[in-house]
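I opened this notebook to record what I looked up in a single model.

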Amino acid sequence: MVTEVDPRQTKRAAAFKLWMQAPMPMVTLFFTLNITHLLKISGKSKYKLNMLLCWCIGKAATKTQEFYTLPVDGRLYRYDNLALSVVTKTKNGDINTCDIPFSEDLQQFNRDYLSLTKKVYDTCQTYALNENYMVIGTSVLADYEIDGVVNIYAGIYNNPFLIWGKYRKHFCKTVLPISFQFHHTQMDGIPAAQFLQNLQKQIDRLKV
């Protein structure tokens, strides 16, 4: 469910006033994840690495209340549900986005991930959930060693967005640079940095 809220009655009142009409209200943080544990789990199980990382992102986001509000068309909305958007290849060689509802149940999230991305692959059409979900965007440039991305801002898509490239193997660990872009009305730098730290904790403690 999604509900419009009066920003003046929330802790984001000052941020809404400061940043809602700013020409460039997006903030990007860069972070390096240690995905050694996640890579081992992916190698020993049936789970895809990207799916596992997306689940960890969703899990970490549930611990950050700011993810449940989002500025849309000059207004502030509160959501009950989160989802992850992934960029998916299609059978005609193009790409489209696919929204996957977040579930605390890893197996359920994996089933949805596989079935919905396959649907996008087969139909060559974007799959979008209804407006009741606050969607966290993701994009992967898996063949390239990038340090991060500062995404464009068009004033339409205000959702938080994470982008990463090829992971890097070192002698005793595997790391993955990641960039996290968010609207300053939605959250400040401290909760955003705490989210990234919590993402690392979710990766380290994941059990399947």
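Which residues are buried in H3? I note first that the model is a predicted one. In H3, I found Met51, Leu52, Leu53, Cys54, Trp55, Cys56, Ile57, Gly58, Lys59, Ala60 and Ala61 to be buried. I therefore recorded the helix as mostly covered, because eleven of its 13 residues are buried.

**Entry: dimensions of H3**

I looked up the span of H3 from its first C-alpha to its last and found 18 Å, close to the 18 Å expected at 1.5 Å a residue.

**Entry: cysteines**

I searched for disulfides and the structure returned zero. For reference, I applied a cut-off of 2.5 Å between sulfur atoms. I then checked accessibility: Cys56 is buried at a relative accessible area of 0%, whereas Cys172 is exposed at 64%.

**Entry: the nonpolar core**

I listed the largest nonpolar core, which has 45 residues. Ile57, Phe67, Phe109, Leu162, Phe180 and Phe195 touch the most other members. H3 gives the largest share of this core, with nine residues. In soluble globular proteins, nonpolar side chains tend to be buried together.

I took Phe180 as a case to follow. Setting aside residues up to four places away in sequence, I found that Phe180 touches Val27, Thr28, Leu29, Phe67, Pro160, Phe161, Leu162, Met187, Ala192, Phe195 and Leu196.

**Entry: helix H4**

I turned next to H4, which runs over residues 106-123 and has 18 residues. From first C-alpha to last, H4 reaches 25 Å, close to the 26 Å expected at 1.5 Å a residue. Which residues of H4 are buried? I recorded Leu106, Phe109, Asn110, Asp112, Tyr113, Leu116, Thr117 and Val120. These residues are on the same side of H4, because they cover an arc of only 165° around the axis. An α-helix has 3.6 residues a turn, so residues three or four places apart point the same way.

I asked what covers these buried residues, and the list includes helix H3 (49-61), strand E5 (81-89) and strand E6 (95-101).

I also examined both ends of H4. The N-terminal end is capped by Asp105, with a side-chain oxygen 2.9 Å from the backbone nitrogen of Gln107. After the helix comes Cys124, whose phi is positive, near 60°.

**Entry: Tyr133**

I located Tyr133 in strand E7, residues 133-140. Tyr133 counts as partly exposed, at 23% relative accessibility. Beyond its neighbours within four places in sequence, Tyr133 is in contact with Tyr79, Asn81, Leu82, Ala83 and Pro101. For the pair Tyr133 and Tyr79, which lie 54 residues apart along the chain, I read a C-alpha separation of 6.3 Å.

Is Ser42 buried or exposed? I found Ser42 in helix H2, residues 36-44, and buried, with a relative accessible area of 16%. Not counting residues up to four places away in sequence, Ser42 touches Tyr47, Lys48, Leu49 and Leu52.

I placed Asn198 in helix H5, residues 189-205. Asn198 is buried, at a relative accessible area of 14%. With residues up to four places away in sequence left out, Asn198 touches Ala60, Lys63 and Arg205.

Notes. Residues are numbered from 1 along each chain as its sequence is written. This is a predicted model: local features need pLDDT of at least 70, side-chain atom pairs count only at pLDDT 80 or more; totals for chains, interfaces and linings use all residues. Side-chain values use heavy atoms; hydrogens and water are left out. Buried means under 20% relative accessible area, exposed over 50%, partly exposed in between (1.4 Å probe, protein chains only). Helices (H or I, at least four residues) and strands (E, at least two) are DSSP runs, numbered from the N terminus. The expected span of a helix is 1.5 Å times one less than its number of residues. The arc is that of the directions from the helix axis to the C-beta atoms. Contact means heavy atoms within 4.5 Å. A polar contact is a pair of N or O atoms within 3.5 Å; within protein, one must be able to donate a hydrogen and the other to accept it, and residues adjacent in sequence count only if both atoms are side-chain atoms. A nonpolar core is a set of buried Ala, Val, Leu, Ile, Met, Phe, Trp, Tyr and Cys residues joined through side-chain atoms within 4.5 Å.
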